[in-house]
Amino acid sequence: MNLESRVNLEVDLKKLADNFHEIRRRVSPCRLMAVLKANAYGLGVQPVAEVVKQAGAAAFGVAEINEAVELVPLGLPVQILGNLLPDEIAPAVEYGVICPLNDLEMAKKISAEAVRQGKTATGAVTVDSGMGRLGMPVAEAAEQILAMRGLPNLKLDGIYSHFSSAFMRYDDYSLGQLASFKTLLAELKGAGLEFPNVHMAASDALNNFPDSTRPPFTLARCGINMYGYYDNEVHQSMRLAPVVELKTRLAAVRMLAAGSCIGYGRMHRLQKDTRVGTIAAGYADGLPLALSNRGYVLVNGVLCPVLGRISMDYTTISLENAPEAQPGDEVVCIGGQDGRFVSLEDWAQLKGTHVYDLLCSFGTRVRRRYVNRPVAG
């Protein structure tokens, strides 16, 4: 059966392509890697990957082997940006993904597996310039990296690092990371080792630290900016459009008397007789609990406040501002309607988080619908 979903996440692929073109223009002559981890931040990896490939992506970046294998058929280089578990080395070599080289020992294991398979593995050196998560500490990385170039069946395709706080516009720590990574690159170049793909900047740094998209860097990574969003503190240096809208429908409309309690924990008590609506979406669909008694949705082009605590499947709202609303009417939880808007940033502010958290939280029963697909060519 092809039943209509109660909750739809609309992804505007034309806006996605336009955003990607704008970011490419911003970082040029650097090439741009599209970061598609976590199912393209929850939006659906295959449609997103196809659009950004058409828009000029140089490579795809992912977090782990299953994500990488899914994208290999699209024909662009696919880099795992984190690490490989022991049992993931063999399939990574088999499928030809770019393997992260977090230290010399990992490089040796990947080399040995490539020899066993009779293939040449491609690796990218991971440098810890101050993130403290993965990779070789920058101050002691040169010796290990230089030892890698003699390993059989291993091609050193790139070298990269991660900023820890590039969302802070004037951050001396980030500038120190950038400087130390450049010093390492110069040391390796002096020893005769250069890489075709050198990258450090992701979305935050594209805006706050543009030097990380200039030589010696040849590649930049982009995730959240592709979808039209920024970290809360980032200087928004590009004109990008949010690509998603979250929509549901009114499941019920009732008149409740003054004094009635709304929702679990009786978090809201009506002060007067009120026309109340129940919408067919809750926290299982991605509406954060922080919207309880504080958030808004759009019905018939007007803002309607959330009443009481959001539950798993339903959310109760006041329809005092939308007296004509009826069951089945469209409700916009994120997006615009008749010139008014509720943004993902509004949600983030109420929850005390950032848009990454919310963008990745839309539930599995939320249907992804792709609109305005750009024309090839």
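## Ground rules

A pocket, on a 1 Å grid over the protein atoms alone, is an open set of points with protein on both sides within 12 Å along at least five of seven lines, whereas a cavity is a set of points where a 1.4 Å probe fits but cannot get out; lining residues have an atom within 4 Å of a point. Grid points are joined across faces, edges and corners, and a volume is the space filled by probe spheres set on the points. Rolling a probe the size of a water molecule over the atoms shows where empty space is left.

This is a predicted model, in which local features need pLDDT of at least 70 and side-chain atom pairs count only at pLDDT 80 or more, while totals for chains, interfaces and linings use all residues. Residues are numbered from 1 along each chain as its sequence is written, and side-chain values use heavy atoms, with hydrogens and water left out.

## The second largest pocket

This one holds about 280 Å³ of space. It has 19 lining residues, and K15, P242, V244, E245 and G335 lie nearest its centre. Two or more lining residues come from each of strand 1 (8-12), strand 11 (244-256), strand 18 (330-337), strand 19 (340-342) and helix 10 (344-351). Helices (H or I, at least four residues) and strands (E, at least two) are DSSP runs, numbered from the N terminus.

The lining splits into eleven nonpolar, three polar and five charged residues. Here Ala, Val, Leu, Ile, Met, Phe, Trp, Tyr, Cys and Pro count as nonpolar, Asp, Glu, Lys and Arg as charged, and the others, Gly among them, as polar.

## The largest pocket

The volume of the largest pocket is about 670 Å³. Of the 29 residues that line it, K37, R133, H162, F163 and A202 sit nearest the centre. Helix 2 (37-41), helix 9 (203-208) and strand 10 (219-222) are the elements giving two or more residues to this lining, and helix 9 has the largest share, with three. By type, the lining has 17 nonpolar, seven polar and five charged residues.

## Residues to look up

Q79 belongs to strand 4 (residues 78-80). Is Q79 buried or exposed? Q79 is buried, because its relative accessible area is 3%, and buried means under 20%, exposed over 50%, and partly exposed in between (1.4 Å probe, protein chains only). Beyond its neighbours within four places in sequence, Q79 is in contact (heavy atoms within 4.5 Å) with residues including M33, F60, Y160 and H199.

Two peptide bonds are cis: S28 to P29, with omega about 15°, and P215 to P216, with omega near 15°. P29 lies in the loop between helix 1 (13-27) and strand 2 (31-35), and P216 in the loop between helix 9 and strand 10.

N39, in helix 2, is not a glycine, yet has a positive phi of about 60°. N153, in the loop between helix 7 (141-148) and strand 8, has a positive phi near 60°.
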